[in-house]
Amino acid sequence: MKAFQTLVLAFAWFSAALFVVAGAMLTYEVVARHFFVSPTIWAAELSQMALIWGSLLAMAWLLQARRHIAVDALVELLSDGQRRITETLAMIVVAVFSAVVAWKGWSIFLESFERGRTTGSMLDLPTWVSELAVPIGFALLFVQALIEIFRALTGDPRGPAHGAHE
């Protein structure tokens, strides 16, 4: 579990870097377009790809670190045991959803890879490059949801049943 947590943290930092790179590319595009009337053919598409990969690779860390948006007004009224039950049920839903999306996302990636689909833009990148982020990101989220289920069931103090954030 520790190795997976280290991997998830590494992906979170990589995601943060991708967001910075996307911001730099878009800033460059705005300056090039408006001040030098010389737009790029790559900035918008590559920044979209960076945002896709950044968002999807960060999902597992966001769950692990409890950084997702949560409406907990009712949950706060529950006992610790009831919180663990609701957390377990919620994480089961996340795990099932993540498994389905990872499975379907892999099919979409594989089909695009085999057929050689491209974006159709001036840069004309292969679509599988961005589509691969879906099965990878959701597979990581699936594993993290399983870890959270274990934490909720065992009353792990790092879990939400105790209100702790990592």
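**Aromatic pairs and packed helices**

Let's start with Trp42, a partly exposed residue whose relative accessible area is 30% (buried is under 20%, exposed is over 50%, and partly exposed is in between, using a 1.4 Å probe and protein chains only). You're looking at a predicted model, where local features need pLDDT of at least 70 and side-chain atom pairs count only at pLDDT 80 or more, while totals for chains, interfaces and linings use all residues. Numbering runs from 1 along each chain as its sequence is written, and side-chain values use heavy atoms, with hydrogens and water left out.

Searching the whole structure turns up 6 aromatic pairs. Rings of Phe, Tyr and Trp (its six-membered ring) pair if their centres lie within 6.5 Å; planes under 30 degrees apart are stacked, over 60 edge-to-face, and the rest tilted. Trp42 is in a stacked pair with Tyr28, at 5.7 Å centre to centre and 25° between the planes. Tyr28 sits in helix α1 (residues 2-36) and Trp42 in the loop between α1 and α2, so this pair ties together parts 14 residues apart in sequence. Helices here are DSSP runs (H or I, at least four residues), numbered from the N terminus. Tyr28 is partly exposed too, at 48%.

Next, look at Phe109 and Trp128, an edge-to-face pair with 6.0 Å between centres and 70° between planes. Phe109 belongs to helix α3 (residues 80-115) and Trp128 to helix α4 (residues 128-131), so parts 19 residues apart in sequence are tied together. Phe109 is buried at 7% relative accessibility, whereas Trp128 is partly exposed at 26%.

After α1 comes Val37, with a positive phi near 45°.

How do α2 and α5 run relative to each other? The axes of α2 (residues 43-64) and α5 (residues 133-154) come within 8 Å and cross at roughly 5°; axes are lines fitted to C-alpha atoms over the stretch in contact, with angles from 0 to 180 degrees between N-to-C directions. That makes them roughly parallel (under 35 degrees; over 145 is roughly antiparallel, 65 to 115 roughly perpendicular, the rest oblique).

Key: Helices (H or I, at least four residues) and strands (E, at least two) are DSSP runs, numbered from the N terminus.
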